[in-house]
Amino acid sequence: MTTATDAPFRVTLLGSGMPSPDPLRFGPATLIEAGSQKILVDAGRGATIRLSQLGIPIGSIDLMLLTHFHSDHVAGLPDIWLTGWLGGKFGGRTRPMRVLGPKGTLHLTHHLEEAFGADIAIRIADEGLPPDGARIDADEFERDGVIHDRDGLRVTCFEVDHGDRVKPAFGYRFDHAGKSAVLSGDTRYCENLVAHADGVDLLVHEVAMTSPASMAIERIRRVMEHHSTPADAARVFARCTPLLAVYNHLVLISDGVNATPSVQELIDATRQEYAGAFVVGEDLMAFCP
Ligand SMILES: [Zn+2]
Ligand SMILES: [Zn+2]
């Protein structure tokens with residue numbers, strides 16, 4: 001893999017956390033840079049702040065991709081959209097924000113435009129901001145396939161398994177200049193993910209862990225059933241043999257009595273099943289496939 005500074009294809013974790021507010025691990029959001037294109041996958045809490053830390057204007061995001069509609073993945077969407085439209089070097093978008101996601105994306109974006117209608121009207125009248133920049137140009141898809149193919153970057157969406165009631169849920173594959181990266185989205189073990197990530201260069205995968213005793217608690221068991229355990233993820237890694245696997249969206253759960261699993265415990269549990277290269281992601285880690 002090339003170094004993070006000179007590569008034309010780079011994947012940066014903006015938020016590696018889960019719904020609980022954590023200043024070290026923001027909500028799920030991943031930046032894909034390919035040539036001159038900047039794509040954001042999900043917009044969890046704090047994505048605008050992480051972009052600012054990277055010196056990337058929020059208004060420069062070319063495309064937003066959504067994996068599913070759990071609030072921790074989309075709570076930062078209005079912030080990306082509207083802060084990116086404001087004046088100043090952090091904003092400046094004059095064209096509509098492009099959003100692609102599964103069925104339900106149009107419902108979400110239409111209602112966001114309605115909910116923020118007063119602010120939009122005020123800023124157009126008061127600050128003279130361009131009306132086009134306050135629009136959302138959204139589309140949705142219902143099945144696996146190529147959803148974006150431009151300037152050497154091909155983006156493929158594929159359905160994943162985030163539990164029987166959490167549908168739709170998708171992951172994404174990015175192919176650029178002979179290199180590839182897959183983002184699992186939120187999923188438990190999923191054969192369709194394995195099929196799309198087979199032989200990929202970089203596999204960014206979610207993971208969830210709790211203590212064995214905590215599994216007796218219904219609320220925690222239900223969360224765990226929506227996600228991949230370290231053993232599940234290790235099985236995916238072993239099947240796909242990526243050059244590098246990265247844990248993202250760390251769902252580490254405590255029941256209040258037993259301790260929250262540590263990163264070391266996560267590593268140890270994975271190592272029992274998988275000998276290849278993997279790292280535990282942190283906010284602002286960048287990878288060049
Ligand atoms: Zn989810
Ligand atoms: Zn999630």
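How many helices and strands does the secondary structure of the protein come to? The count is 9 helices and 14 strands. Please keep in mind that this is a predicted model.

On overall dimensions, the radius of gyration is 19 Å, close to the 19 Å that the globule rule gives for 289 residues, so the protein is as compact as a globular protein of that length. The C-alpha trace spans about 60 × 45 × 35 Å along its principal axes. As for burial, 45% of the 289 residues count as buried. Turning to contacts, take those with a separation of 6 or more: residues 24 or more positions apart account for 67% of them.

Now the helix pair. Two packed helices are described by the angle between their axes and by the distance between those axes. Here the pair is helix 8, residues 230–240, and helix 9, residues 263–271. Their axes come within 8 Å and cross at roughly 50 degrees. That angle is why helix 8 is oblique to helix 9. The crossing of helix 8 and helix 9 is right-handed.

Which residues meet there? From helix 8 we have Pro230, Ala231, Ala233 and Ala234, and they meet Leu266, Ala269 and Thr270 in helix 9. By class, this contact has 6 nonpolar residues, 1 polar residue and no charged residues.

How values were computed:
Residues numbered from 1 in each chain as written. Chains lettered and ligands numbered in written order. Predicted model: local features only at pLDDT ≥ 70, side-chain atom pairs only at ≥ 80, totals over all residues. Axes fitted to C-alpha atoms, helices over the stretch in contact; angles between N-to-C directions. Helix = DSSP H or I, 4+ residues; strand = E, 2+ residues; numbered from the N terminus. Parallel < 35°, antiparallel > 145°, perpendicular 65-115°, else oblique. Left-handed = near helix turned anticlockwise from the far one by under 90°. Contact = placed C-beta atoms within 7 Å. Nonpolar A, V, L, I, M, F, W, Y, C, P; charged D, E, K, R; others polar. Rg over C-alpha atoms; globule rule 2.2 N^0.38 Å. Buried ≥ 20, exposed ≤ 12 C-beta atoms within 10 Å, placed from the backbone.
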